[in-house]
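Please have the sequence and the structure open while reading.

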Amino acid sequence: MPITSLPTSRSTPLSTVLHAAAALALAAIAAFTSPEVHAQGTQGPQGKTELLVYSALEADQIKAYKTAFEQDHPAIELKFVRESTGIVTARLLAEKANPQADVVWGLAATSLMLLDKEGMLAAYAPKGLEQVRATMRDPRPQPTWVGMDLWSSAVCFNTAEAAKHNLPKPASWADLTQPVYKGLLTMPHPASSGTGYLMVSAWLQMMGEAKGWAFMDALHQNMGVYTHSGSKPCRQAGAGEFPVGLSFEYRANKTKKEGAPIDIVFPKEGLGWDVEATAVMKTTKKPEAARALADWSVTRKANELYAKNFAVLALPSVQEQLEYVPSDLDKLLAKNDFNWAAANRDRILAEWSRRYEAKAEKK
């Protein structure tokens with residue numbers, strides 16, 4: 001389907017922050033530390049402005065993005081605090097009374113909508129905003145978040161392990177509930193991973209809540225473990241630890257390019273998806289540097305870097321086809337109401353945790 005159904009309203013209030021299911025992510029904050037988080041001085045080495053960036057970007061993407069930005073802005077040094085989407089989101093919300101980050105770069109739009117509801121984001125229209133897809137940004141004239149790229153669910157299927165277990169190749173989400181896959185699946189925990197949450201949100205929206213939870217009950221019977229990383233299930237499938245890993249298209253494409261014996265499945269019912277986006281924190285004491293990063297995040301140069309990883313970009317003119325991802329990926333996406341996904345996140349995570357937490361990977 002076309003990329004539609006992005007937010008048009010923020011009228012639904014946020015109830016409790018992430019509820020009981022997010023206790024896992026909040027508890028992880030104590031262990032989520034980085035040397036960068038203490039680097040709060042305005043001036044860094046050689047008089048550079050240090051900008052603290054919270055991010056859920058993949059670790060193997062950050063280096064290239066940071067290098068390219070600092071080449072264009074040599075007076076600014078980016079310091080990253082990086083973790084999975086749910087943990088970054090929980091940390092930002094927990095720090096509301098004393099925010100540490102200057103910018104959020106590479107976090108799910110649905111997470112940024114939660115921060116926006118809490119009044120934590122600055123309204124800012126980056127230079128070049130008019131080139132960004134209208135469906136991949138906060139629709140207000142002065143947006144609080146602007147998209148970078150879109151990522152979607154995908155299934156990594158290890159053909160070598162499948163042959164050993166005599167497993168059929170799945171074509172749909174429904175196929176994964178067959179008894180033949182019992183104990184052989186792995187997927188991301190939705191409270192920790194944005195990839196996990198976009199899957200759960202998509203199933204509930206596509207199937208309706210009653211059928212969606214029934215589907216997840218059946219899927220749970222076949223689940224080996226829920227990981228705290230969106231990438232890990234595909235890496236596990238690539239390494240043969242599990243024959244089937246529910247993950248996302250960037251990691252699937254990269255794992256296959258690196259030579260893992262996997263096929264990539266894009267289930268026919270539709271793919272869950274979200275938008276990676278950028279936002280300036282309202283409390284930053286370095287607004288000029290923060291806006292410089294927001295401006296750069298929508299440039300052609302930045303999008304050319306995003307294009308190496310994702311098939312659908314904020315600047316459609318820059319898109320390239322990834323080797324193992326369909327060129328019409330946008331037509332495979334499930335309908336996604338971002339307002340619903342953001343407003344119901346805490347409730348969904350609480351119910352998910354009540355049902356399935358027993359198989360969660362230990363922290």
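The model is predicted, so local features are given only at pLDDT of at least 70 and side-chain atom pairs only at pLDDT 80 or more, while totals for chains, interfaces and linings use all residues. Residues are numbered from 1 along each chain as its sequence is written, and side-chain values use heavy atoms, with hydrogens and water left out.

**Aromatic pairs**

Rings of Phe, Tyr and Trp (its six-membered ring) are paired if their centres lie within 6.5 Å; planes under 30 degrees apart are stacked, over 60 edge-to-face, and the rest tilted. The count by this rule is 14 aromatic pairs. Two of them are listed here.

| Pair | Centre to centre | Angle between planes | Class |
|---|---|---|---|
| Trp203 and Phe215 | 5.0 Å | 70° | edge-to-face |
| Tyr226 and Tyr356 | 6.5 Å | 40° | tilted |

Helices (H or I, at least four residues) and strands (E, at least two) are DSSP runs, numbered from the N terminus. Trp203 belongs to helix α6 (residues 194-207) and Phe215 to helix α7 (residues 209-222), so their pair ties together parts that are 12 residues apart in sequence. Burial is stated by relative accessible area: under 20% is buried, over 50% exposed, and in between partly exposed (1.4 Å probe, protein chains only). Trp203 is buried at 1%, and Phe215 is buried at 9%.

Elsewhere, ring pairs join Tyr65, Phe69, Phe80, Trp105, Trp296 and Tyr306 into a cluster.

**Charges over rings**

A charge sits over a ring if NZ of Lys or CZ of Arg is within 6 Å of the ring centre and within 35 degrees of the ring normal. Lys256 lies over the face of Tyr324, 5.1 Å from the ring centre. Arg345 has its charged end over the ring of Tyr197, at 4.9 Å from the centre.

**Helix α10**

Why is helix α10 described as largely enclosed by the rest of the structure? In this helix (residues 287-297), 8 of the 11 residues are buried, so the description follows from that count. The buried residues include Leu293, Asp295 and Trp296. Trp296 is also a member of the ring cluster. Contact means heavy atoms within 4.5 Å. The cover over the buried residues of α10 includes β1 (49-55), α2 (59-72), β2 (76-82), β3 (103-108), β9 (273-280) and α11 (300-306).

**Asp217**

Asp217 is in helix α7 and is partly exposed, with a relative accessible area of 30%. Leaving aside neighbours within four places in sequence, Asp217 is in contact with Arg355 and Tyr356. The side chains of Asp217 and Arg355 are joined by a polar contact of 2.9 Å. Such a contact is a pair of N or O atoms within 3.5 Å; within protein, one must be able to donate a hydrogen and the other to accept it, and residues adjacent in sequence count only if both atoms are side-chain atoms.

**Disulfide**

The structure holds 1 disulfide (a pair of cysteine sulfur atoms within 2.5 Å). Cys156 and Cys234 form this link, with their sulfur atoms 2.0 Å apart. Cys156 is in strand β4 (residues 146-158) and Cys234 in helix α8 (residues 232-239), so the pair ties together parts that are 78 residues apart in sequence. The link is left-handed, with -90° about the S-S bond. Both Cys156 and Cys234 are buried.
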